[in-house]
Amino acid sequence: MTWTAVTGHRAQLGEGPFWDAPTQALYWVDIAGKQVLRLIGANVQIWQMPEHVSAFIPCESGDALVTLSSGVYRLDLDSPGLEPRLTLFCVADPQPGNRPNEARCDAQGRLWLGTMQNNIGEQGEDLPVAHRSGGLFRIDRDARVTPLLRGLGIPNTLLWSDDGTTLYFADSLDSTLYRHFIHADGNLDTAYVWFGPHERGGPDGSAMDAEGYIWNARWDGSCLLRLNPDGYVDRVIELPVSRPTSCVFGGEDLKTLYITSAASPLNHPLDGALLSIRMDVPGKPCQRFAG
């Protein structure tokens with residue numbers, strides 16, 4: 001497989017890739033670098049955030065949501081990179097000392113946001129996660145927040161089955177991907193272990209392809225695992241980075257896989273890069289926020 005570094009940018013903690021099909025644009029973040037980035041063609045636009053930011057998701061209304069330490073904000077995409085115009089949308093998790101992590105929108109365009117104990121220092125350094133203080137929250141277009149899970153360590157991966165009855169969700173502190181049944185009232189059933197600890201690193205973010213297989217980035221594992229719907233390894237995709245963090249399918253045919261990554265103590269040349277590769281199977285499209 002031939003990998004391409006999409007830009008010369010190197011993130012401290014690249015995360016949250018989102019492909020916006022209507023505009024053929026890629027959105028992603030550098031959590032520790034406090035940046036949100038958008039790639040259209042060969043042009044990268046960067047907005048500097050005032051706080052750590054974990055997700056950057058376009059909205060049907062024309063702006064975008066950014067998940068900052070103090071809350072979920074709307075970002076005016078026409079504002080300059082060094083003076084971004086931010087408007088508070090909601091505070092999903094008021095727990096002091098927590099920060100947002102994984103965030104994705106479901107088929108109805110509702111934002112699902114996982115939070116955790118902050119593990120990033122002011123200089124971007126790693127801090128230990130000592131408490132399971134995180135949660136999972138669903139945010140509707142009217143900014144109504146519904147708590148779904150409590151006591152989470154490091155929430156990652158948010159994907160849904162086509163019929164909307166199953167959530168795939170990871171807690172990296174457990175090195176486990178879980179499956180939750182979604183009740184008709186929107187609440188989640190007890191977690192079921194779908195894919196447990198594996199020798200190739202810990203589970204981070206994921207994408208789903210058109211066949212219902214999940215592509216999971218493996219932190220400290222230098223690879224992606226393609227997992228079949230029953231939770232077994234179908235394929236191992238080797239990567240030239242130490243800490244892949246997430247992935248998304250993009251391009252006109254949704255067959256370009258974009259992978260974000262983070263810096264690491266190994267200092268591999270591509271650590272922190274945004275990578276791309278052409279695949280033999282298309283992915284499922286991302287959903288904008290409905291508000």
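## Aromatic pairs, cores and an open sheet

Phe 56 counts as buried, because its relative accessibility is 0%. The model is predicted, and every value here is computed from it.

**The nonpolar cores**

Phe 56 belongs to the largest nonpolar core, a set of 35 residues. Val 36, Phe 56, Val 66 and Leu 111 have the most contacts inside this core. Which strands supply at least two residues each? They are β3, β6, β7 (64–68), β8 (71–75), β9 (86–90), β10 (98–105), β11 (111–117) and β12 (134–139). In soluble globular proteins, nonpolar side chains tend to be buried together.

Val 36 shows how such a residue is surrounded. Leaving aside residues up to four places away in sequence, Val 36 touches Trp 28, Val 29, Gln 45, Ile 46, Trp 47, Met 49, Val 53, Phe 56, Val 66 and Leu 75.

A second core is separate and has 17 residues. Leu 224, Val 241, Leu 257 and Ile 259 are included in this second core.

**Aromatic pairs**

The whole structure holds 8 aromatic pairs. One of them joins Phe 18 to Tyr 27 in an edge-to-face arrangement, with 6.3 Å between centres and 85° between planes. Phe 18 and Tyr 27 are both buried. Tyr 27 also pairs edge-to-face with Phe 56, at 4.7 Å centre to centre and 70° between the planes. What does the Tyr 27 and Phe 56 pair tie together? Tyr 27 lies in strand β3 (residues 25–30) and Phe 56 in strand β6 (residues 53–58), so the pair links parts 29 residues apart in sequence. Tyr 27 has 3% relative accessibility and therefore counts as buried. Ring pairs join Phe 18, Tyr 27, Trp 47 and Phe 56 into a cluster.

**Charges over rings**

The table gives two cases.

| Arginine | Ring | Distance to ring centre |
|---|---|---|
| Arg 138 | Trp 112 | 5.9 Å |
| Arg 226 | Tyr 213 | 3.8 Å |

For Arg 138, the charged end sits over the ring of Trp 112. Arg 226 lies over the face of Tyr 213.

**The open sheet**

Four strands form an open sheet with the order β1-β24-β23-β22. Pairing in this sheet is antiparallel. Which strands stand at the edges? They are β1 (4–5) and β22 (243–250). Each has a single partner strand, so one side of each is left without a neighbour in the sheet. Strand β1 is joined to β24 (residues 275–278) by 2 bridges, and the two run antiparallel. Ala 5 stands opposite Leu 275 of β24.

**Positive phi in two loops**

Gln 24 has a phi near 50°, a positive value in a residue other than glycine. Gln 24 is in the loop between β2 (14–20) and β3. Asn 267 is not a glycine either, yet its phi is positive at about 55°. Asn 267 lies in the loop between β23 (256–262) and β24.

Are these residues buried or exposed? Gln 24 has 28% relative accessibility, so it counts as partly exposed. Asn 267 has 61% relative accessibility and therefore counts as exposed.

Notes:
Residues numbered from 1 in each chain as written. Predicted model: local features only at pLDDT ≥ 70, side-chain atom pairs only at ≥ 80, totals over all residues. Heavy atoms only, no water. Phe/Tyr/Trp six-rings, centres within 6.5 Å; stacked < 30°, edge-to-face > 60°. Buried < 20%, exposed > 50% of the residue type's maximum accessible area, 1.4 Å probe, protein only. Lys NZ or Arg CZ within 6 Å of the ring centre and 35° of its normal. Pairing = 2+ DSSP bridges. Core = buried A, V, L, I, M, F, W, Y, C linked by side-chain atoms within 4.5 Å. Contact = heavy atoms within 4.5 Å.
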